[in-house]
Amino acid sequence: MSSTDTTTDQRSDAVSGRSILLDQVTKRYPGQDRPAVDGITLEIPEGKIVMLVGPSGCGKTTTLKMINRLIEPSEGRIVLGGDDVTGIDGDELRRRIGYVIQAGGLFPHMTVAKNIGLVPGMLGWSKERTAARVDELLELVSLDPAVYRDRYPRELSGGQQQRVGVARALAADPPVLLMDEPFGAVDPITRQRLQDELINIQAELQKTIVIVTHDFDEAVKLGDWIVVFSEGAHIVQYDTPERILAEPANEFVERFIGSGAGLKQLTLTRVRDVELADAVTVRPGERASDVLSRLDAAGHGHAVVVDDRGRPLRWPSRRELAQAQVVPEGRDEALPVVGQGATLNDALDTMLVSSAGAAVVTGRRDAFVGVITVEVVMEAITSARRGAAAEASDAPVGTNTGSLEGLGQESGAAPGADGGSAS
């Protein structure tokens with residue numbers, strides 16, 4: 001995900017997130033010689049996704065939980081949107097911060113609607129306002145409210161539970177969303193879809209999102225910025241995915257990235273960044289002969305069948321249409337589809353199992369926006385290689401060596417203003 005400099009004074013109206021600052025934060029546990037987190041100063045820009053990665057036990061989850069004070073810091077302060085929240089009531093703080101854990105963490109005795117409406121209810125929202133918000137969020141995470149609002153978690157798949165978990169975290173419209181290994185408990189295909197949905201949601205809402213993951217590929221795909229930790233939450237490198245892949249700070253980062261760094265560059269370009277092909281779109285029930293005439297006129301080999309909300313259902317070929325009287329109804333579960341926020345790597349994987357050698361592309365609320373072909377992806381890969389030398393980035397501050405003031409910035413200053421990456 002590309003990154004742009006953001007300041008508190010020059011916030012775009014579209015950005016609903018708030019900056020976060022951990023200022024010289026330390027966490028010590030009784031009986032341990034070394035702190036779990038050692039004097040971290042970390043700026044997290046508003047409206048961006050920051051990924052926390054590192055080996056097991058390095059302190060990344062502890063760092064995440066100190067932001068909403070599920071774990072209380074031993075030293076230091078936490079600043080949210082310029083306000084020092086270190087000393088306020090922890091429950092009050094957590095109502096201002098969404099939190100998503102692995103497998104959703106839903107209450108099994110509550111329906112989907114009651115799970116999502118929990119925090120709004122605690123905040124005194126009316127039943128009508130809460131019900132409207134529940135339906136809005138179910139639509140946002142691609143679950144039909146009429147189908148899912150009254151179901152219980154046991155009646156949902158793992159991916160559906162995770163979607164509901166995200167909806168619940170967004171229920172009170174918090175500026176900050178914390179996610180602890182959110183997609184670690186689902187299968188690879190579902191994980192890819194959930195990642196794509198998160199990218200689409202973020203494009204619409206522009207929250208400040210902090211995610212802990214063990215998966216560096218996931219960090220590259222989702223993150224505007226990546227923090228690479230070693231033991232004790234020591235920041236080894238804090239930079240954009242492009243810079244970390246092109247210029248790892250040291251051997252530790254190189255080992256953590258692993259082999260195939262060149263292939264990982266494929267995850268840096270999004271489907272939205274390349275030119276999409278047009279398609280003939282049709283509705284179920286149309287006469288197949290009429291559709292074939294439109295395909296002849298456009299010179300296309302397939303038609304995209306969409307529902308009344310413009311969402312793709314099927315992608316029949318000329319041959320299939322020639323054997324039918326009308327365009328069939330129902331959704332083809334094998335439809336090769338990727339979101340605009342998907343990476344070229346994801347798109348290529350999808351296209352390789354498609355008989356069309358291409359994939360249908362969806363945008364906001366899963367509406368059809370175009371078709372991507374293998375040829376377009378290969379050209380984009382070639383272009384990416386030509387421009388592989390990443391430009392220097394003005395990274396936010398990330399260090400274990402001093403406070404923000406000591407690094408020459410004023411307290412509560414906007415992330416990314418004058419800071420640099422730790423390397």
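These notebook entries record what I looked up in a predicted model.

**Aromatic pairs.** I searched the whole structure for aromatic pairs and found 2. I then located the two residues: Phe216 belongs to helix α9 (residues 216–222) and Phe256 to helix α11 (residues 251–257), so the pair ties together parts 40 residues apart in sequence. I noted Phe216 as buried, because its relative accessible area of 5% falls under 20%.

I turned next to Trp225 and Tyr238, whose ring centres are 6.2 Å apart; their planes stand at 70°, so this pair is also edge-to-face. Trp225 sits in strand β9 (residues 225–230) and Tyr238 in strand β10 (residues 234–239), 13 residues apart, and the pair links distant parts of the chain. Both Trp225 and Tyr238 are buried.

**Charges over rings.** I recorded Arg129 over the face of Trp125, at 3.6 Å from the ring centre. Lys27 lies over the face of Tyr29, at 5.1 Å from the ring centre.

**Helix α1.** I checked the cover of α1 (residues 60–67) and found 6 of its 8 residues buried. The buried residues include Lys60, Leu64 and Ile67. After α1 comes Arg69, with a positive phi near 60°.

**Tyr152.** I placed Tyr152 in the loop between α6 (145–148) and α7 (158–169). Tyr152 is partly exposed, at a relative accessible area of 28%. Setting aside neighbours within four places in sequence, I listed its contacts as Pro108, His109, Met110 and Thr111.

How values were computed:
Residues are numbered from 1 along each chain as its sequence is written. This is a predicted model: local features need pLDDT of at least 70, side-chain atom pairs count only at pLDDT 80 or more; totals for chains, interfaces and linings use all residues. Side-chain values use heavy atoms; hydrogens and water are left out. Helices (H or I, at least four residues) and strands (E, at least two) are DSSP runs, numbered from the N terminus. Buried means under 20% relative accessible area, exposed over 50%, partly exposed in between (1.4 Å probe, protein chains only). Contact means heavy atoms within 4.5 Å. Rings of Phe, Tyr and Trp (its six-membered ring) pair if their centres lie within 6.5 Å; planes under 30 degrees apart count as stacked, over 60 as edge-to-face and the rest as tilted. A charge sits over a ring if NZ of Lys or CZ of Arg is within 6 Å of the ring centre and within 35 degrees of the ring normal.
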